[in-house]
Amino acid sequence: MSTNENPSPANFVRHLISNDLKTNKHNGKVATRFPPEPNGYLHIGHAKSICLNFGLALEYNGTCNLRFDDTNPEKESDEYVEAIKRDVRWLGFEWSELRHASDYFGQLYDYAVQLIKDGKAYVDSSTPEQIRAYRGTLTEPGKASPDRSRSIEENLALFQGMRDGLYADGHYVLRAKIDMASPNINMRDPTLYRIRRVHHQRTGDDWCLYPMYDYTHCISDAIEGITHSLCTLEFEDHRPLYDWVLEQLDTPWRPQQIEFARLQLEYTIVSKRKLNQLVTEKHVSGWDDPRMPTIAGLRRAGVTPNAIRDFCERIGLTKKDSWIEMSVLEHCIREDLNQNSLRAMAVAEPLRVVITNYPDGQVENLSLGNHPQRAELGSRSVPFAKTVLIERDDFSENPLPKYKRLVPGGEVRLRGSYVIRCDEVIKDADGNIVELRGTYDPQTLGKNPEGRKVKGVIHWVSEEHSLPAELRLYDRLFSVPQPDNEENFLDALSPNSLQVLTGCRVEASLANAEPESRFQFERIGYFCLDKDSKDGNLVFNRTVTLREGWVKD
């Protein structure tokens, strides 16, 4: 078993686990879990927790369960369950066991009965408003509910009646009996069970009362033998309750809760409620819209699992909340795509160039490498013919200084092909440039022209052989770094988060590309083939630009 003698200083949990293994705490065992509630799609913040829990299990030859916290069926669905499983696997992880909080409903109920018998829980008829009023404030202690003094026998009978469906929703709750004067408000007789007549996606109508998260989670950890229960900092104040519940019960294991700072990424939100609002109000096309910070959205945008895992490792793990710049994630994405994505050529705004001295009807199939540094990725065949298409802004009649592209009477090299010269500019009646005519130097395929230097290199496609395409240029969904801090986060939506370019052309080698295939379109950016692609028209999503603030030269 690895003890990771030199763990990353940015990951204090590694230090803790290493020390636990040295002292044989937990009998040398490492068992973690990822416990999402299936009430929405996973987002980049969940990715941090996934990589942490599954990564530590792999690193220390331990186990990691995927456990669905399915105790609130009003907001949960099988769609979300399947999406979560899909996302975890896509990130490259496999769970040791698939569990559900609902697996333990019977045991949880029995443990609650034990708390009542021990005088540690009672049935309360207070309304939610009364419970809040009795709870007190940070500076004032709470006061006891009138029902706190019920007898054990009466509490047992009422709790059984709750189980049997004798009472209306909300009529009673089961509360822990701890300390209404505790400085930690979470310890002021928290609710353990509430009555809810809601059909559960797994247990059907077997139950009409459901346990609360704080009660369920610690017992589920204990049942599964979890050693290190990792959660975000907002649960730090809940840890005394986590420990209290386990101290009162004869559970088979005593897990340890450890908190870490959650991921706060600039220009995003990670509230499931707000993400759901974006979807239901159609500010985005769905949970997998490439502008969404969901794992499904990042995947559709063309982000790789490796880039996300790399990002989560680089930002480390701390006990202090902080904001991560979006550029950190974008750097990880670019680094991975630059190393692994195939190269191709696409023309976003085509301008025709007729090569007048190229033979009519002739087609050359040029061999271009798929990656400039990785010969093992092979090559593809790119047709070259008499009429090619170049980017409209790769030509200028009145160029600025240091302009290195095509100009009247000037030369430029077509990527992987010949040097061409512009001899004539054709315009329509309104003075718009519609076509260029020029010549090529047949001696310049794979070599420089003699007696002159050509500095510019531009991309191109054959007009006849290229394929129609739509390029979706996605950008940050929000226009401010911390949209959650706005009075209304929707006011911070960027009006420029999506630009759709139609009439684009891509090289013929992409005809059989599969959805989620990733490419670097030379001099344009990194793109991913979208599932919306249909016969006759390919759709590509921009994953990220070639570099931050990139400008074509």
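The structure is a predicted model, where local features need pLDDT of at least 70, side-chain atom pairs count only at pLDDT 80 or more, and totals for chains, interfaces and linings use all residues. Residues are numbered from 1 along each chain as its sequence is written, and side-chain values use heavy atoms, with hydrogens and water left out.

**Aromatic rings**

- The structure holds 22 aromatic pairs. Rings of Phe, Tyr and Trp (its six-membered ring) pair if their centres lie within 6.5 Å; planes under 30 degrees apart are stacked, over 60 edge-to-face, and the rest tilted.
- Tyr358 and Phe384 make an edge-to-face pair, with 5.2 Å between centres and 80° between planes.
- This pair links distant parts of the chain, 26 residues apart. Tyr358 is in the loop between β14 (350-355) and β15 (364-369), and Phe384 is in strand β16 (residues 379-384). Helices (H or I, at least four residues) and strands (E, at least two) are DSSP runs, numbered from the N terminus.
- Are Tyr358 and Phe384 buried or exposed? Tyr358 is buried because its relative accessibility is 1%. Phe384 is buried too, at 0%. Buried means under 20% relative accessible area, exposed over 50%, and partly exposed in between (1.4 Å probe, protein chains only).
- One aromatic cluster is formed by Phe105, Tyr109, Phe159, Tyr193, Trp207, Tyr210 and Tyr215.

**Charges over rings**

- Trp207 from that cluster also has the charged end of Arg163 over its ring, 3.7 Å from the centre. A charge sits over a ring if NZ of Lys or CZ of Arg is within 6 Å of the ring centre and within 35 degrees of the ring normal.
- Arg476 lies over the face of Tyr267, 4.6 Å from the ring centre.

**The cavity**

- Rolling a probe the size of a water molecule over the atoms shows where empty space is left.
- The whole structure has one cavity of 30 Å³ or more. On a 1 Å grid over the protein atoms alone, a cavity is a set of points where a 1.4 Å probe fits but cannot get out; a pocket is an open set with protein on both sides within 12 Å along at least five of seven lines; lining residues have an atom within 4 Å of a point.
- The largest cavity holds about 70 Å³ of space. Grid points are joined across faces, edges and corners, and a volume is the space filled by probe spheres set on the points.
- Its lining includes Arg33, Tyr213, Asp214, His217 and Cys231.
- Which element gives the most to this lining? It is α7, with three residues.
- By class, the lining of the largest cavity has four nonpolar, four polar and two charged residues. Ala, Val, Leu, Ile, Met, Phe, Trp, Tyr, Cys and Pro count as nonpolar, Asp, Glu, Lys and Arg as charged, and the others, Gly among them, as polar.

**The second largest pocket**

- The second largest pocket has a volume of about 500 Å³.
- It is lined by 31 residues. Met326, Glu330, Asp475, Arg476 and Thr543 lie nearest its centre.
- α12 gives the most to this lining, with five residues.
- The lining of the second largest pocket has 19 nonpolar, four polar and eight charged residues.

**Cysteines**

- How many disulfides are there? The count is zero. A disulfide is a pair of cysteine sulfur atoms within 2.5 Å.
- The sulfur of Cys218 is too far for a bond, because the closest cysteine sulfur, in Cys231, is 11 Å away. Cys218 is buried, with a relative accessible area of 0%.
- Cys312 is in no disulfide, and the nearest cysteine sulfur, that of Cys51, is 4.0 Å away. Cys312 is buried at 9%.

**Single residues**

- Asp70 is in the loop between β2 (63-68) and α3 (78-90). It is buried, at 0% relative accessible area. Asp70 and Gln201 are 131 residues apart along the chain, with 8.7 Å between their C-alpha atoms.
- Val544, in strand β27, is buried at 7%. Its C-alpha is 8.8 Å from that of Leu473, 71 residues apart in sequence.
- Asn27 has a positive phi, near 60°, and is not glycine. It is exposed, at 62%.
- Asn61 also has a positive phi, about 55°. It is exposed, at 55%.
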